[in-house]
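My notebook is open, and I am going to look things up one at a time. Come along and check each entry against the picture.

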Amino acid sequence: MKSVLSSILLLFIGIDIRAQTTLPNVDRATVFRQIQGSKEDTNRVLAYIKYGQLLEGENLDSAGKYYLKAGALSDKINYAPGKIKFRTNYTYILNLQGKFAQALKLNEECLDISKSIKDQIYIGKSLANIGASYSYLGKFTESIKYYQQAADIFEKEGRKEYIPQLYSNIGTAFEHANLFGKSYVYKQKALALARPLGDSLQLADLLTTLGLCLYNLKKYEQSIPHFNEGLAIAKAIKSDIFITQAYSGLCSSYRKLKQMDKARDFGEKGLALARKSNNVFLEMSCLRALMFIAEDQNRPEESAKYTAQALKIAEENEMQDHLVELYEDYAADLARQNNYKGAYDYLMKYKMLNDSVQGKDVQNQLQELDAKYQTAQKEKQILSLEKDKEARNTMIYGLLAGLLVSIIIAALVYRNIMIRKRIAENEVKQLQQEKQLVATNSILKGQEEERTRVARDLHDGLGGLLSGIKFTLNSVKGNVILPESSAIAFTRALGQLDGAINEMRRVAHSMMPETLVRFGLVDALGDFCNGISDSGQLKVKIQAFGFSERLESSVEITLYRIVQELLNNVIKYAEATEAQVQLTRVGNEVSVTVEDNGKGFDVAILKTNKGAGLQNVQARVDYLNGKLDIQSKPDEGTSVLIEITV
């Protein structure tokens, strides 16, 4: 039989990211009057949503009815934000009721609607909620993938208030995989980020889930302060959901600490509150907590009663993940009561539901229960059957043990050989990469030095010579009387000389902009972007944050060349009308983003065919020991991110 918190690992109520998380100072009667006094428009949709949120802490069914009204009205008036708000709030109710597949479908619809209106924040929320649905369904690899996509969007949009919940959700996914240490790290980060935000509802959630994580790490005494703090906050904001969650956690921890009276008291309080708020998910978790207490105190009838009630909830709500454990628990309860036939039937149900995971273990248990049932009917055969079984098992276990030892020794030898081979291959690969990087660095450094020398020679040498010639010719023009045809030719030659001087200056500036040398990267890129915008080829916007101090000269030149190459690629290939360059510096971390609204492309082709321009960009990024990330899809533009440490 499994530990109590293995059945409530999905009980992380704040896992859904919604448009609002708490309504601290809203009067319910006022909101209801808004509903009655409004027309069938967007204001009524928002009032329905707000009223549903006010009802969540008391009765989930009532809250769900108002969310459904909001969804129906949004469809009627074609109000896209209302369609999204309905889904993000109603799926919260569905998850609490264990209807995970239905919630996933609504969250996927929400993502499609958000993309259609091109709202990045709604897209991020939808991705996070899809991740939550996959987490509830036990698909944790998919879950983490969607959480990471959402985190990227929120970080890019500067919406830090959503990051703590995402960290907590990722921790929850690791917890489902029994990686409790890694889960604890993520949840600690989430709590540290959430405290300054002052969101009481989020704090109540994070504190109780961190307590559950400590419980699973078998740090029972350390879990209790987190449950108590979460309970105090939940009571202050009158959130029955998190009050119940804290009660359930305290019940489990005090049980492990052998303080059974306290454990039972918290379990019964949680059960009563869960039933009051019609929260079947929490009701089931409290029932299982009380079941384990009864089991520890050797009260099999009471344990079976709680298990049966929890089993009924799981069957009515099709909670497959919980039915697996509950079938096993109930079979154990019946076996303790010597009801081997009933135990056998429920273990068969368990086998049918979980055969792919623990098939052989279940078969052994079924055989054992079946043997007990048969021997209960044939008392005269008990001794002989037990002796035969014991001898057979001894022989089988001996053979299995010998085979297992042989397999372990062979696996260790093979593993040792493969590790040594991998280390040698990595060392060779690293030496080759270092050699290639040194060569690339030398080439780039030589190119920039040659550019600087040629630009200086053009500007100071040829530029000065051409300016002197122009000055001399202007003097001659004023002192010599020429025929009309000769005067026109002379004037044309002076104009061509001006053009040559300007072209020489443009070339020299392109090779090594004077602004870059004198004023730095931000000003030089500003001039470059303005020049492109003024030409009418492409409208380029530039933003810079955190560049109060200049970078090293070689870093500035390399970043300038990277942006120059990327914008030239946009002009040549993207068919874009707008582009944006963003420079960000936080401490020693520098990031450069170049985005456009062009035709985009399939980034998969870069694996086999990367053009000369992108190869130059990659070489310069490698020179800076940085990272290059290209995101693009056909008809959705392109985003290129470069990250370096200075």
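**Entry 1**

I began with a facing pair: Gln582 stands opposite Thr593 in strand S3. Before going on, I noted that this is a predicted model, where local features need pLDDT of at least 70, side-chain atom pairs count only at pLDDT 80 or more, and totals for chains, interfaces and linings use all residues. Residues are numbered from 1 along each chain as its sequence is written, and side-chain values use heavy atoms, with hydrogens and water left out.

My terms here come from DSSP: strands are E runs of at least two residues, helices are H or I runs of at least four, and both are numbered from the N terminus. Two strands pair if DSSP finds at least two bridges between them.

Strand S2 covers residues 578-586, and its pairing with S3 is antiparallel, over eight bridges. I also found Val586 with Glu589 of S3 as its bridge partner. The two strands make a hairpin with two residues between them, and Gly587 in the turn has a positive phi of about 65°.

On S3 I also looked up strand S5 (residues 638-645), which runs antiparallel to S3 and is joined to it by eight bridges. Here Val592 stands opposite Ile642 in S5.

Is S3 mostly covered or mostly open? S3 (residues 589-596) is mostly covered, with six of its eight residues buried. I use buried for under 20% relative accessible area, exposed for over 50% and partly exposed for in between (1.4 Å probe, protein chains only).

**Entry 2: the whole sheet**

In which order do the five strands of the open sheet stand? I wrote down S1-S2-S3-S5-S4, with mixed pairing. Strands S1 (539-545) and S4 (627-632) stand at the edges with a single partner strand each, so one side of each has no neighbour in the sheet. Direction ignored, neighbouring strands of this sheet are turned by 10° against each other on average. The axes behind that angle are lines fitted to C-alpha atoms (for helices over the stretch in contact), and angles run from 0 to 180 degrees between N-to-C directions.

S4 and S5 run antiparallel, joined by six bridges. Asp629 has Leu641 in S5 as its bridge partner. Their hairpin has five residues between the strands, and Asp635 takes a positive phi near 70° there.

**Entry 3: rings**

How many aromatic pairs does a search of the whole structure find? I noted eleven. Rings of Phe, Tyr and Trp (its six-membered ring) pair if their centres lie within 6.5 Å; planes under 30 degrees apart count as stacked, over 60 as edge-to-face and the rest as tilted.

The ring centres of Tyr51 and Tyr66 are 4.8 Å apart and the planes are at 70°, so I filed this pair as edge-to-face. Tyr51 is in helix H2 (residues 42-55) and Tyr66 in helix H3 (residues 60-77), so the pair ties together parts 15 residues apart in sequence. Both Tyr51 and Tyr66 are buried. Next I looked at Phe86 and Tyr90, which are stacked at 5.6 Å centre to centre with 20° between the planes. These two are four residues apart in helix H4 (residues 80-96), and about one helical turn separates them. I found Phe86 buried, and Tyr90 as well.

Phe32, Tyr48, Tyr51 and Tyr66 form one aromatic cluster.

I then looked for charges over rings (NZ of Lys or CZ of Arg within 6 Å of the ring centre and within 35 degrees of the ring normal). The charged end of Lys219 sits over the ring of Tyr184, 5.8 Å from its centre. Likewise, Lys305 has its charged end over the ring of Tyr306, 4.9 Å from the centre.

**Entry 4: cysteines**

How many disulfides are there? The count is zero, taking a disulfide as a pair of cysteine sulfur atoms within 2.5 Å. For Cys286, the closest cysteine sulfur is in Cys251, 7.3 Å away, which is too far for a bond. Cys286 counts as buried at 1% relative accessibility, and Cys529 is buried with a relative accessible area of 0%.
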